[in-house]
Amino acid sequence: MQVFHGIMEKAKEYHIAPSRLHIDPLVVTLSTDQTALTVFTECCRQIKAEYPDIHITSGLSNISFGLPTRKNINQAFMVLAMNAGMDSAIVDPTNKNMIGMIYATNALLEQDEYCLKYIEKFTDKKVDGDGESPSPFFT
């Protein structure tokens, strides 16, 4: 948080709005620090409390480094981090389970009005255009 506050002082000095910033509180490895999630989510909550419009991102898979079946840890971390205010992350876009978790979490966190994006993503239908789905982040 000390580093974060220094960044925010510089941003203020240069008149950079918090909404233009993407802050990475740094994810440490769970196998070497059992408080990795707690520390990360507490930082997210404090940052969002002080600057609600700021964006929080992470290198998501850092949490599972050195652990077996990393996808399980990564998915659980994604859901819990999103609940704490993280709104973007470096993820494997081919991991359908992770993408599903993102859409479901956004719906549960009231960031997908009437679950419309979730429904659009997971309802069987013909795909028009390039077949791309809207990004689950920055709803």
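This is a predicted model: local features need pLDDT of at least 70, side-chain atom pairs count only at pLDDT 80 or more; totals for chains, interfaces and linings use all residues.
Let me begin with the overall architecture. The protein contains five helices and two strands. Reading from the N terminus, the order of these elements is α-β-α-β-α-α-α. The chain has 139 residues, and 35% of them count as buried. Turning to contacts between residues at least 6 apart in sequence, 64% of these join residues at least 24 apart. The accessible surface amounts to about 9,100 Å², and carbon and sulfur atoms account for 55% of that surface.

T29 sits in the loop between β1, residues 22-23, and α2, residues 36-50. Is T29 buried or exposed? The relative accessible area of T29 is 18%, so this residue is classed as buried. Leaving aside residues up to four places away in sequence, T29 touches A36, N62, I63 and F65.

The next topic is the cysteines. How many disulfides does the structure hold? The number is zero. A disulfide would require the two sulfur atoms to lie within 2.5 Å. C44 is likewise in no disulfide, with the sulfur of C43 as its nearest cysteine sulfur. As for accessibility, C43 counts as buried at 16%, and C44 counts as buried at 0%.

Let me move on to the aromatic residues. A pair of aromatic rings is described by two quantities, the distance of the centres and the angle of the planes. The structure holds four aromatic pairs, and I shall present two in detail.

One of the pairs is formed by F4 and Y51; it is edge-to-face, with 5.7 Å centre to centre and 80° between the planes. This pair links distant parts of the chain, since F4 belongs to helix α1, residues 2-13, while Y51 lies in the loop between α2 and β2, residues 55-56. The two partners are 47 residues apart. F4 is buried, at 5% relative accessibility, whereas Y51 is partly exposed, at 25%.

Another pair, Y103 with F122, is also edge-to-face, at 5.9 Å centre to centre and 90° between the planes. Here too, distant parts of the chain are linked: Y103 is in helix α4, residues 96-108, and F122 is in helix α5, 19 residues apart. Y103 is buried, with a relative accessibility of 3%, and F122 is partly exposed, with 39%. Ring pairs also bring in Y118, so that Y103, Y118 and F122 form a cluster.

This leads to the surface. Which residues form the nonpolar patch? They are Y114, L116, Y118, I119 and F122, and together they present about 540 Å² of accessible area. L116 is placed in helix α5, which covers residues 116-122. With a relative accessibility of 53%, L116 counts as exposed.

To close, I would recall two points. The cysteines C43 and C44 are both buried, and the structure holds zero disulfides. Thank you for your attention.

Note on methods
Residues are numbered from 1 along each chain as its sequence is written. Side-chain values use heavy atoms; hydrogens and water are left out. Helices (H or I, at least four residues) and strands (E, at least two) are DSSP runs, numbered from the N terminus. Buried means under 20% relative accessible area, exposed over 50%, partly exposed in between (1.4 Å probe, protein chains only). Contact means heavy atoms within 4.5 Å. Accessible areas come from the Shrake-Rupley method with a 1.4 Å probe; for residues, only the protein chains shown count as cover. Patches are made of residues with over 30% relative accessible area and no salt bridge: like charges are joined within 9 Å, nonpolar side chains (Val, Leu, Ile, Met, Phe, Trp, Tyr) within 5 Å. A salt bridge is a side-chain nitrogen of Lys or Arg within 4 Å of a carboxyl oxygen of Asp or Glu. Rings of Phe, Tyr and Trp (its six-membered ring) pair if their centres lie within 6.5 Å; planes under 30 degrees apart count as stacked, over 60 as edge-to-face and the rest as tilted.
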